[in-house]
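Hello,

Here is the structure I said I would pass on. My notes on the ligand site and the pockets follow below.

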Amino acid sequence: MSDKKAIELINVCRVFESASGNVNAVDNVSLEIRDGEFFSLLGPSGSGKTTSLRMVAGFDRPTSGQILLYGKDVSNLPPYERDVNTVFQDYALFPHMTVGENVAYGLMIKKISKPDREKSAEEMLDLVQLPGFSGRKPSQLSGGQRQRVALARALINHPKVLLLDEPLGALDLKLRQQMQVELKSIQKRVGITFIFVTHDQEEALTMSDRIAVFNQGRIEQVGTPAEIYEHPATPFVANFVGTSNLISGEVAKRITGSEARFSVRPEKIHLSKTDEKFDADMFSVGGKVRDVVYLGLYTRYLVELDGGGDLVVVEQNLKTTSMDVMQAKDQKVSLFWKKEHIRYVGG
Ligand code: ADP
Ligand code: MG
């Protein structure tokens, strides 16, 4: 990765007009993505991720604002005059062509000779770990294999930027997790800037160098996975990325001495069935276990706090068995966590 800017969005807006009123699909978004970065647009459905990506690709134009690609204003250029390529969720392979022809398609358009195309296609199929598949038809592939072919096809022209819109959305969980790791390693190897759209926070945290969190057409926060997770800038981010506990008002005041709203991650909280002594650098609060979910590796507790509110606590099952944890239901407990683990999130 370099410090060179690959993509800049400057005050980009996209308004869709309709009979029932205008939709601000993308609402004054500014963003810088660096050369070679794996950058994710993360947010719930309808938050403006696809519209943003389509404007970078050139399939859609901003209502106002600018899009720069390596310093050049491409806001009004058609897709084929931008050095970007897109991989969609539905792969969109040509069913009548072989895998090899699909992959080589971009080179055929450029009138590269057949032997050269075939050689490049083979290299790309190696890269996505489908060596020897060039003679097959897309219908003879699994979902995960089709996704790899789509990736190889998009990479064969060596675009400067690859745009991926929920490319793993159609895969089952196990394959999806495997492809997350592979996609990231392919990106590292080819060194191309990836802009990756997903609504899955875990996926974004796993794969990205940096993430922009979208909400209702706006960016709530841009940061590394650790920054987003550990220091959510807004209540929305705290809630959307990971499970978070938000406490405010009177309950907050009883814990921290201030009514300011804070978040604390479930895995930072310790749960004790005895009245343990804790240190001065910790916050603590008493409560009663309302719900217990045994999840094998760990257990999730929902604790109703004395005086109102509740907190989710996650503990690893280092010594406990499923029997032990089930007995925790309805018990009185004390919760404590290090003061440094709370985040004031405003709102
Ligand atoms: P996401 O990809 O985050 O799910 P989109 O960018 O697809 O979100 O959509 C953002 C908002 O813009 C949504 O409210 C959606 O309904 C609206 N929208 C997207 N495309 C169009 C369109 N072509 N015409 C009208 N509204 C649209
Ligand atoms: Mg979308």
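The side chain of Thr50 has an N or O atom 2.8 Å from an oxygen atom of ligand 1. Please keep in mind that this is a predicted model. For the side chain of Thr51, the corresponding distance from an N or O atom to an oxygen atom of ligand 1 is 2.6 Å. Gly48 contributes through its backbone, with an N or O atom 3.0 Å from a ligand oxygen. On its own, ligand 1 has 560 Å² of accessible area, and the protein covers 58% of that.

Strand S2 (23–34) and helix H1 (49–57) are the elements that give two or more residues to the ligand shell. H1 gives the most, with 3 residues. The residues around the ligand also include Phe16, Pro44 and Ser45. By class, the shell has 4 nonpolar, 6 polar and 1 charged residues.

The largest pocket has a volume of about 750 Å³. Its lining has 23 residues, and Val84, Asn85, Thr86, Gly106 and Asn157 lie nearest the centre. S6 gives the most to this lining, with 4 residues; helices H2 (99–109) and H4 (143–155) each supply at least two. The lining counts 15 nonpolar, 4 polar and 4 charged residues.

The second largest pocket, at about 360 Å³, draws at least three lining residues from each of domain 1 (5–233) and domain 2 (269–339). H6 gives the most to that lining, with 4 residues, and strand S15 (298–305) supplies at least two. Among the lining residues are Tyr229, Arg300 and Val314.

Regards

Conventions. Residues numbered from 1 in each chain as written. Chains lettered and ligands numbered in written order. Predicted model: local features only at pLDDT ≥ 70, side-chain atom pairs only at ≥ 80, totals over all residues. Heavy atoms only, no water. Near = heavy atom within 4 Å. Polar contact = N/O pair within 3.5 Å; in protein donor to acceptor, adjacent residues only side chain to side chain. Areas by Shrake-Rupley, 256 points an atom, 1.4 Å probe, with all protein chains shown as cover. Nonpolar A, V, L, I, M, F, W, Y, C, P; charged D, E, K, R; others polar. 1 Å grid on protein atoms, 1.4 Å probe; cavity = no way out; pocket = protein on both sides within 12 Å on 5 of 7 lines; lining within 4 Å. Points joined across faces, edges and corners; volume = space filled by probe spheres on them. Domains from an automatic or database assignment.
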